[in-house]
Amino acid sequence: MSSNSGIQIPSRLPLLLTHEGVLLPGSTMRISVETARNMHLVKNRLLKGTSLKSTIIGVIPNTRDPEYDTEDLPTLHSIGTAGLAVQVVGSNWPKPHYTLLITGLCRFRVAQLLKEGPFPVAEVEQLDKLEQYTSPDEMSEAAGPDGELGELSQRFYQAAVQLVGMLDMSVPVVAKLRRLLDSLPRETLPDVLASMIHTSNKEKLQVLDAVSLEERFKKTLPLLTRQIEGLKLLQKTRKPRLDDDKRVLAVRKGGVLPGRQFSLDEEGDDEDGDDTAVLERKVKGANMPEPALRVCLKELKRLKKMPQSMPEYALTRNYLDLMVELPWSKSTTDCLDIHAARVLLDSDHYAMEKLKRRVLEYLAVRQLKSTLKGPILCFVGPPGVGKTSVGRSIARTLGREFHRIALGGVCDQSDIRGHRRTYVGSMPGRIINGLKTVGVNNPVFLLDEVDKLGKSLQGDPASALLEVLDPEQNHSFTDHYLNVAFDLSQVLFIATANSTATIPPALLDRMEVLQVQGYTQEEKVEIAHRHLIPHQLEQHGLTPQQLQIPQDTTQDIISKYTREAGVRSLERKIGAICRAVAVKVAEGHNVTKSEAAPAERSAPQGAEHGGRKTSRGKPLSVGQEGGLTDWHSYSIRPCPQTYCSEGKRGRRAEEPDGVSADMAAPPDMPIVIDHIALKDILGPHVFEMEVSERLTLPGVAVGLAWTPLGGEIMFVEASRMEGEGQLTLTGQLGDVMKESAHLAMSWLRSNAKTYQLTNLVGGSDPLEGTDIHLHFPAGAVTKDGPSAGVTMVTVLASLFSGRLVRSDVAMTGEITLRGLVLPVGGIKDKVLAAHRAGVKCVIIPKRNEKDLEEIPANVRKELDFVTASNLDEVLNAAFDGGFPGMSNPLTLPHIVSKL
């Protein structure tokens with residue numbers, strides 16, 4: 001590489017394309033390599049090369065390398081820098097890439113591009129003729145006293161010395177740079193200093209493009225001058241601060257007012273001492289248990305010996321402050337009046353008798369035994385049924401503090417148990433933080449969404465809850481941050497969940513599970529008029545004298561615009577009605593204000609419209625026959641009766657020209673919403689009673705399914721066509737449902753003669769020469785479980801027999817290969833879903849008859865229940881007039897043991 005004639009680079013160089021920076025000769029730069037061609041260059045040239053020549057590459061600046069090999073190479077910058085790859089570091093995160101450490105050698109010009117792939121290679125022409133700089137004769141001739149280049153180099157050298165002199169020479173790098181200025185040749189200084197000072201890539205590119213040494217000095221000297229001016233300005237702004245620092249330093253050394261300085265220091269020490277003494281008094285007055293008190297006194301003793309500048313001082317102080325603030329012995333007195341508790345619970349919530357009864361039982365036992373530990377309850381039910389609000393009402397009933405802890409998505413056990421104090425940023429868990437927030441040791445803690453806990457590398461928070469929710473262990477709960485035991489036995493824990501399927505069995509075993517079922521339509525109407533409508537009126541600034549929603553309208557909202565187990569959607573629909581009415585009320589106020597001034601000036605005109613005042617305060621129904629039907633385009637007209645009549649409309653039409661009653665009159669109060677106004681506000685009906693419409697062909701039946709959001713009806717459809725006897729199942733079915741379908745098919749084939757089931761050509765085997773397709777609609781929703789077995793049997797029996805299933809029947813139940821019907825879960829939710837959908841008859845397993853007691857009496861009264869123990873009874877109830885073969889029921893063959 002080095003010879004007497006200077007640096008000689010190869011005539012052919014592989015090119016590394018970069019756009020992030022500019023490598024100048026004599027400088028070193030790190031370049032990140034991520035694109036395809038550059039990666040090929042590193043792998044095939046730098047990593048596989050064995051000679052020093054293979055480490056020399058050409059760096060082309062201001063050129064972006066294409067991301068893929070297939071893309072064309074962009075126009076290359078004409079001048080580049082030959083560099084020596086000093087270091088190559090590879091990494092796979094976040095994606096495969098290399099980092100190169102390259103030292104610039106000299107400039108070159110791209111003469112001809114020889115190839116583009118897998119990495120570009122070009123024939124280059126070396127531009128820096130370094131021989132003239134190493135020759136003393138040529139250097140003295142070029143930089144002589146009379147030469148312009150010599151003058152430029154001298155000015156540049158003086159500016160460089162001035163710049164380095166403005167820096168702190170005690171820094172080793174600055175001292176080394178000062179020595180380099182004297183040892184380096186003058187012709188190398190522009191490149192070296194341009195790479196060191198603060199310049200943009202565009203300015204560095206101009207320096208790189210300056211091939212002649214004279215032009216290079218001219219390009220770099222203004223950059224150096226700008227840096228010197230910037231340092232001068234920076235030193236001027238910092239000078240007053242330095243003077244202040246010197247003056248303060250002199251004061252502390254006793255130069256000016258030394259006595260006062262020392263007295264201030266002593267006063268500060270006294271304040272710190274008093275603060276520590278106050279903290280010690282708080283520790284002793286916190287009435288904490290003996291083990292916790294010993295730990296606090298030990299930490300306090302360490303705190304007194306610790307200077308405030310130590311990082312551990314703040315950690316220890318925060319720990320002691322938390323220990324003092326915790327309610328070790330503070331508690332509230334429970335309100336044990338059962339009658340008052342019953343009145344409060346009934347006023348807060350309608351229905352939910354099981355939950356109210358459990359709270360009253362707890363109060364009764366607390367009256368008999370004052371040392372009762374707090375129960376651990378788990379409310380399980382669909383969203384929107386009031387699980388969280390019931391927990392808040394329980395706290396009000398008992399007169400306790402309430403604190404909610406949201407556990408949805410928590411995947412770190414430190415959220416429950418806290419972090420150890422050895423970690424940076426450690427903090428206590430949510431349990432201890434909650435106790436600190438409420439300030440008592442017997443609050444009501446609501447652990448919301450306990451079924452949605454996660455699990456990660458940081459541990460399993462569900463396992464951490466085992467100690468919290470175990471009555472035999474939580475009297476000595478140890479948080480990692482506190483590292484001392486805290487008594488949680490007086491805390492009333494209430495967990496909420498939508499399903500118990502995702503709760504670990506060990507955690508579920510520690511809680512008393514109370515099922516919170518969905519509401520019936522009658523219960524929703526009562527809840528709406530007792531709680532939801534008054535709440536929404538208050539939220540929207542309306543009063544009952546301005547808006548009235550009759551019960552018939554509420555029932556229409558429930559049945560045609562919402563289909564849910566809870567009441568959240570119902571509350572949103574009521575809020576939409578309130579907003580629409582608020583618009584009309586606000587417009588009426590504006591109209592009234594604008595008419596007030598003309599009315600005062602013209603009394604006779606006001607007398608003509610005096611009849612309107614007599615109709616104020618009388619109800620108006622929007623949208624009845626003879627009224628206006630477009631809610632967004634009409635103004636509410638005053639009407640002395642509940643419903644506007646044709647006569648009234650004709651009288652308004654006789655008003656003088658230029659007077660618009662629609663625009664002039666504010667709406668009469670109260671505004672009563674009827675079914676037509678409801679459609680104008682909420683739009684077309686979202687849900688329809690579609691059961692009878694969909695059961696118009698053989699091969700369709702209605703099943704009942706349970707989901708975490710409540711019960712749902714489920715249509716099952718089947719069709720057949722010529723084929724090879726295959727059974728196709730669609731609708732995202734789980735393994736259990738697929739097995740139920742095969743069970744149903746096997747049972748029907750084995751009983752085909754009994755029930756006179758045939759295939760397409762009348763054969764006795766329904767599958768012979770026939771393909772069956774069984775489909776469960778809502779294919780985007782995953783479905784699984786055994787409760788659709790009886791529905792599949794009924795669908796296939798309808799398909800093979802050509803008879804229609806009754807349109808008012810829904811069913812649920814698991815089947816066996818012998819035709820037995822086994823019990824299933826979620827009966828109440830399923831029955832309520834059938835009731836919401838307008839079904840009149842429900843077929844359930846015989847062994848689920850006991851679950852009917854949980855269903856409200858009014859629902860039981862409106863539905864007919866058929867309890868079936870085998871599939872014969874199911875088919876008999878599902879078809880009008882029974883099913884063929886019932887008169888001769890299938891007798892099971894007597895099995896004789898051969899043993």
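**Rings, strands and contacts**

Trainee: Over the ring of which residue does the charged end of Arg421 sit?

Mentor: This is a predicted model, in which local features need pLDDT of at least 70 and side-chain atom pairs pLDDT 80 or more, while totals for chains, interfaces and linings use all residues. Residues are numbered from 1 along each chain as its sequence is written, and side-chain values use heavy atoms, without hydrogens and water. A charge sits over a ring if NZ of Lys or CZ of Arg is within 6 Å of the ring centre and within 35 degrees of the ring normal. The charged end of Arg421 lies 3.8 Å from the centre of the ring in question, that of Tyr319.

Trainee: How far is the charged end of Arg186 from the centre of the ring of Tyr157?

Mentor: Here too a charged end sits over a ring. For Arg186 and Tyr157, the distance to the ring centre is 4.2 Å.

Trainee: Which strands stand at the edges of the five-stranded open sheet?

Mentor: Strands are DSSP runs (E, at least two residues), numbered from the N terminus, and two of them pair if DSSP finds at least two bridges between them. The order is β10-β11-β14-β9-β15, with parallel pairing. Two strands have a single partner each, so one side of each is left without a neighbour in the sheet: β10 (402–406) and β15 (512–515).

Trainee: What is the bridge partner of Leu446 in β14?

Mentor: Strand β11 covers residues 444–448 and β14 covers residues 492–497; four parallel bridges join them. In β14, Leu446 has as its bridge partner Ile494.

Trainee: Is Gln126 buried or exposed?

Mentor: Gln126 belongs to strand β8 (residues 121–126). Buried means under 20% relative accessible area and exposed over 50%, with partly exposed in between (1.4 Å probe, protein chains only). The relative accessible area of Gln126 is 13%, so this residue is buried.

Trainee: What is the relative accessible area of Tyr755?

Mentor: Both Tyr755 and Phe883 are buried. Trp747 is buried as well, at 5%. For Tyr755, the relative accessible area is 2%.
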